[in-house]
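Here is a short report on how the parts of this structure meet. Look at the sequence and the model before reading on.

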Amino acid sequence: MKYAFFPGCVAKQTCPELYHSTKKVAQALNIDLVELENAACSGAGVVSQQNEALSDALNARTFAMAEKQALPIMTICSTCQGAFCRANKRLRQEPYRDKINGYLSGNGKNEGGYKGTTKIKHFLWALVEDLGIEELKKRVKRPLRNLKVASFYGCHLLRPSDALGFDNPDNPTSLEKVIDALGAEPVDYDGRTRCCGFPILLENENASMAMVSKHTLEAKEKGSDCMVTPCPLCHLNLDVQQPNAEKIARQKIGLPVLHLPQLVGLALGFSEHEMGLHKHIVPTGRVVEKAIGS
Amino acid sequence: MAEHTTFKVFRYNPETDSKPYFQSYQVPLQGGKTVLDGLNEIKGQQDGTLTYRMSCRSAICGSCGMVVNGHSKLVCRLQIAEVLKNFDEVVIEPMRNFEVIRDLVVNMDRFWDKMDKVTPWLVADEENVPATERLQSPADFNVIRDASSCIMCGVCLSDCTSLEVDSNFLGPAALAKAFRMAADSRSVDREERLLELSKEGGVWDCARCYECVQVCPKYVAPMETIMKLREMTLKADLVDNRGTRHVEHFTELVLDSGILDERRLPMKTVGLTDLKGMLHMAPTGLRMMLKGKMPLIHPHIKDVDELQRIAHKVEESK
Amino acid sequence: MRVHDVVVVGSGLAGMEAALRASQDGELDVAIVSKVFPTRSHSGAAQGGIACAIGNQDPEDNWEVHMFDTVKGGDYLVDQDAAELMCKKAPEIIYELEHMGLVFNRLPDGRMAQRSFGGHSKPRACFAADWTGHAILHTLFEIVLKRKVKVYSEWYVTSLIVRDHTCHGVVAYDIMRGALEVFKARAVIFCTGGYGRAYKITSNAHANTGDGLSIAYRAGIPLEDMEFVQFHPTGLYGSGILLTEGARGEGAYLLNNDGERFMKKYAPERMELGPRDIVARAEQQEIDEGRGINGKTCVNVDIRHLGKERIMERLPQVRDLAWDFLGLDCFSECIPIQPTAHYSMGGIPVNLDCECVIDDKGTKIDGFYAAGECSCVSVHGANRLGTNSLLEACAMGAIAGTSAAKYAKSAPDLSLPDDADVEAKREIDWLLNARGSVKIADLGDELQRTMMDDCGVFRTEAQLKRQYDVVKNLQQRFQSIGLSDRSKTFNTELLGALELSHLLDFAEVIVLGALNRTESRGGHSRKDHPKRDDANWLKHTLAYKDVDGPRFAYKPVTITRFQPQERKY
C-alpha cells in the first residue's frame, strides 16, 4: 500500500499530534506514505466561495503531482477529502478540466496538466478498503476492550454523497467497523453524522458551541468514553473549543476526542505519548486507562 | 426477504397523548412500493388514525417530508427496498426543527415566516415594462433554473444543522429563494438583497454541512446557492464582516505560503481593531500554545511563486 | 363566521389568478380557501408547457390557428366563442406571468422558447424545462405573498350556500382545529380542480377528488359533459404518474412489443404528436390486441435517441421519475407507460365571464363563478389539447377574478340563511360517529378499479350498465362505513370519507352520461358506437341532481368560425 500523502494544513500546525500519529501508524501497518511536500492547501471549500476556478486549479495541481507518480492520494482530514472530491468531480468533465489545465501550464511546471485519473482516499477509507477490516484486526496487539467510542465523521467526508461516494450518508458504517476491529465498542447516536460547528466558529460562536455541546453531551449520555474523528477541524471544535462550549452550555462535558490514527495506534500498541494524546485540551487519561491501563 | 416490513412510526395526538411514542406496524412488502404506499396501506387497512400529509405522490407537491431513519425525505419517492438496503426497519418521524401538530404532521409556519423575510418575489424594473417579454439569455436562465425547482417541502430545514441551534438562521430554502431572485438577470435590487442577506441569520451563518444538498429532492442544492450568494457579495465588495474577511484572508494566506496560516487567519477574520474580539480568543490561544499547538514558525511549500502565477492567470482570464 | 367580499376556493393556477385579479385594485377583501397549502396544488404537477400563439418559434402562428387546433382537438364539442376568447387572451397572460418573474426556457435571442405538443399544428408551448406548472404555481404564489392575499390553507370547503339562485358563501372545515365555519361572501369562485382519483391509474394527486364538482351538484347546479374524461397517453406503468407529453414534443417514440412505432397506423401524419384521445386509444388497442410489452398492460416510450444533454436540459423530471418509480435509466432504457386518467373536460357550466349558468337559457347563479379544470366553459370540448389546461386555468381564472370583483362591488349585502351550515354539521357529525364495518379504503379501491375497467378509454353499453350498478352499490355501502378517528386535530380519515362521498356522487354522473351518449367523440369512445354522431350528439350534456339520481338535459354547442368536419391527424 503506497499513497501520495496529503496531510493538510491543520496536521502541520494546530494538530501536530495528528501528523505524527499518522506517520507512526502508517509505518506500523506497512503503509508507504510519500508526502506531497509541495502541494497547496485544499482550499477547504472556502477559497471556492471567492473563486472556484482558482480553488480547482490549485487542487488540480496537487492531483497532477500524484498522477505523475501513479499514486492515489491519501488525506487525513474530512474537510480536505471533501474539497478534493468535489473538485475532482468537476475536473472529470473534459472541457472544464482543459480550461483549468490552461491556468496550470507555463513556466515549465505542470506540463501536461491533470488528466483526471487520480484517486483520492481518506485514511479511513484506506483502512477499510485497501488494508481491510480483517487484516486490521490481525494487526491489533492491544484490543481496546471496555472502551466505548462515539464516531464523529465530519460532514465533508459524507456529503454530498455523489462526490464522496464511500459511506452511505444516512447510515455510514466505516468508522464503526474500524472501532469494532480495534476491539472497542461503537456507540450509536444521532450526532455522528452532523456538523461540529467549526466553519461558523468566528461568525456565529454561540451556534457553533451549541453544536459542540449537543453532540458531545449526546455521545456522553449514550455511555461513550471518547469520540473519534477523521477530521482535525472537527477535532479543533470538539476538543480545543470544548471548554468554551461548556461555558455556553453551563455544564461540564469532559469528553476526550481522539484523531482516528490515535485510536488505531493505541490498539497497535503505541503509547499515549507516542500518539500525542498529551497535546489535547480535554484530558485523555481516563480513556487511556480504560483502554489499555488494566 | 421477509414478507413484511416493520414500520416504526412516531405517534402523538395532543388531544389524548401526554407524550409522543412509537407504534410498530407490519406492512406487506411488494416490489416497487414506496414508503408513502406503506403509510397508505397502514392507514387504509390497519389504523385510520395515523396522520400525515401527502398529495401528488410524484415528488412535486412537497407535502410528504418526513424523517426516515434519521434523515429527511419525501416519502413518496422513497422506495421501501431502498431503505432496507441500510436498515432493518423503516423508522418514520415528523420533520425536525418544526413543531409537531399530530403524528407526522408539523406546523409549517416557520418555513413560510422565513420565506417571507427574504422578499420572495422578483423585483424588476416596473417603470419600463416591455409590451412583450423581458429578454433573458439562455445562460442567464440557467443561473436560476435549478434554484427555481424548489418545491418548498421543508426537508432542508428539517436537516439544517445551523437552524437546529440557531432559530434566527434564515435556513436553506429561504436563502435559495433569495438567490433565485438576486441572481435573476431581470432583478434590479441585487445589492439591497445582498446587504440584507449579510446580516445576522443570513448567508454567513451557514455551517456548510451539506445536509440540505444531500436531502433536497429536487435540483436546488440550497447550500450551493448560499455559497453563490457569498461569492456575489464578495464580488460586489459590499460588506466587510467576519464572513467576508474570513474568505478573503483565507485565499490570501493560502497564496502567501501554500499552507493556511492558522494563527493569522482568526486574527484577520476578527479584525485587529476589534479588541474585544481579540481578547475573547486569547484564552483559547493560550491553551493551545501551552499544549504545543501553535508552531512558532509558519511552514510554507517550496513553489509558492507558482501558486501566485496560477492565481494571476485565473484572474487574467476573467 | 368569517366575512370576505370574494372567496376563492382552491389555490392552483386558476384560484391564484382569480384571487390576484379580484384583489388587484385593493378595493375588495379577497380570501383563498384551500384544502392544501397553495404550493401543494396539483397545477404544480403540470409538466410540458403552456400554449400561447406568440409565434416566437414559428412566426406563422397566431390565435386563430391556435383556436382551430383547439376546436379540432376537442372534436368540435368546443364552444368556439370561449376558445376564441382564450386563444386571444393567451399572450397577455403569458407576458404578465413573465413580468411577474416566471422562469422560462429561452431562445438564443432571449425571447421565450416554444416546443411542439400533441394536436397543436405549431410549436407554441412556452415552458420551463418539464416543470412548467410548478414554475407558474410558485410565481403566482410569490405574488399572492407580495399582495398579502389572505389564504386559509388546509381548510376544506364542505358546501356552497345557494338560495334562490344566489350564492351567499361557503361552509368550510378547518382541518387543523376541526372546526366548521361559515364564510359569508358576495362572490364565490370555485377553482377546485379535477377528479382523477375516481380512477385507479391516474396522474392526479391524492387530493384530486373533485369535491368542488359534487359540492356544486349538491347545491342544485348541473354538471356539464362529465362523460368526457381525458386519459393521458404517458402515465408511468403501474402508478399512472405523469410523464410529460413534452417528451413526445421533443421527439420521443412510442413502441409496442414488436418495437414498432405503432402511431403510424393511427395518426400517420402527426404520429406520436397526435392528440391525447387518439394516442391513448392507440395504446389501449395495442395492449388489448396483445402487443403490450411482454404481455403486460403497457407500451414503451423511448427517448434514448434524444441524448443525455437534451434530456437533462428539457426533460430532467422524466429522468428522475423513471429512476425513482421504476428504477429505469432513461438514457439507456425504454420507459413502460400506459394511459392514465388525467383531466376532466366537463365540470361546472359557466359562460364567457365565468359566471355559473345552469341551463340553455342562460339562467345564472348570482355570485357564483368557476374556472379551471372544475369548470366547463368548454374550451376543450370532448378532448383537451396538452398545454391548453395551464392556459385555461390562468386565462379563465383571471377572467373569473375580474368578473367576480365587478359583481361583488355592486352586489347587495344579503343576510345569510339561518340554516347555512346545518347540512355540513350533520354530515360531519354523522361521519365522526360512523361505526359500521365497511372500510373507506376498500370502497375507494373498488370504485377506482371498476371505473378503470368499465368506464375507461373504451366503453360499451354492457360495461357502463355494470358500472352503474357498482356505483349504486358502493353508494349504498357507504352508509355502513366505520371511521376510527374521532379527533378534532388534523383528522385526515374524516377528510378521506368526505372526499369519497363526493367521488361516489359524481361517478354516477360520469357513468350515466357515458351510457346516454351513444356516439364516440374525443375522450368518450364507445366500442358499440364507434362513430361521431353530429346529427344527434353535437350538444353538451347537463346533469342535474334529483331524488333518484341525475336528471339529464342537453344544450347546443356554440359554433362560430369552424364547421365540424372529419378529424384526421
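E17(A) and K293(B) form a salt bridge, with their closest N and O atoms 2.8 Å apart. The model that shows this pair is predicted. Across the interface of chain A and chain B there are 7 salt bridges. Polar contacts link 39 residue pairs between chain A and chain B, counting pairs with both residues at pLDDT 80 or more. The side of chain A that touches chain B has 31 nonpolar, 24 polar and 13 charged residues. Chain A brings 68 residues to the contact, and chain B brings 68. Together chain A and chain B bury about 6000 Å². Carbon and sulfur atoms carry 55% of that area.

**Inside chain A**

In the contact between them, domain 1 of chain A has 22 residues and domain 2 of chain A has 28. E17(A), L29(A) and S78(A) supply 27% of the area that domain 1 of chain A buries against domain 2 of chain A, more than any other three residues.

The count between these two domains of chain A is 1 salt bridge. D162(A) forms a salt bridge with K89(A), and the closest N and O atoms are 3.3 Å apart. There are also 5 residue pairs in polar contact between the two domains of chain A, with both residues at pLDDT 80 or more. Two or more residues on the domain 1 side come from each of α2 (16–28) and α5 (78–91) of chain A. Which element gives the most to this side? It is α2(A), with 8 residues. By class, this side of domain 1 of chain A has 10 nonpolar, 8 polar and 4 charged residues.

**Chain B against chain C**

In this interface, 61 residues of chain B are in contact with 64 residues of chain C. The two chains bury about 5100 Å² between them, 52% of it on carbon and sulfur atoms. R57(B), E133(B) and R145(B) supply 14% of the area that chain B buries here, more than any other three residues.

Chain B and chain C share 5 salt bridges. R77(B) forms a salt bridge with D324(C), with the closest N and O atoms 3.3 Å apart. Polar contacts join 39 residue pairs across the interface of chain B and chain C, both residues being at pLDDT 80 or more. Elements that give two or more residues to the chain B side include α1 (35–46), α4 (138–145) and α7 (172–182) of chain B. The residues of this side divide into 28 nonpolar, 18 polar and 15 charged.

**Inside chain C**

Chain C is divided into domain 1, domain 2 (47–132) and domain 3 (234–339). The C-alpha centres of domain 1 and domain 3 of chain C lie 30 Å apart. Here 15 residues of domain 1 of chain C are in contact with 16 residues of domain 3 of chain C. I201(C), V457(C) and F458(C) supply 43% of the area that domain 1 of chain C buries against domain 3 of chain C, more than any other three residues.

**Buried areas**

| Parts | Buried area | Share on carbon and sulfur atoms |
|---|---|---|
| Chain A and chain B | about 6000 Å² | 55% |
| Chain B and chain C | about 5100 Å² | 52% |
| Domain 1 and domain 2 of chain A | about 2100 Å² | 71% |
| Domain 1 and domain 3 of chain C | about 1100 Å² | 58% |

Conventions: Residues are numbered from 1 along each chain as its sequence is written. Chains are lettered from A and ligands numbered from 1 in the order in which they are written. This is a predicted model: local features need pLDDT of at least 70, side-chain atom pairs count only at pLDDT 80 or more; totals for chains, interfaces and linings use all residues. Side-chain values use heavy atoms; hydrogens and water are left out. Contact means heavy atoms within 4.5 Å. Buried area is the accessible area (1.4 Å probe) that two parts lose on being put together, summed over both. A salt bridge is a side-chain nitrogen of Lys or Arg within 4 Å of a carboxyl oxygen of Asp or Glu. A polar contact is a pair of N or O atoms within 3.5 Å; within protein, one must be able to donate a hydrogen and the other to accept it, and residues adjacent in sequence count only if both atoms are side-chain atoms. Helices (H or I, at least four residues) and strands (E, at least two) are DSSP runs, numbered from the N terminus. Ala, Val, Leu, Ile, Met, Phe, Trp, Tyr, Cys and Pro count as nonpolar, Asp, Glu, Lys and Arg as charged, and the others, Gly among them, as polar. Domain bounds come from an automatic or database domain assignment.
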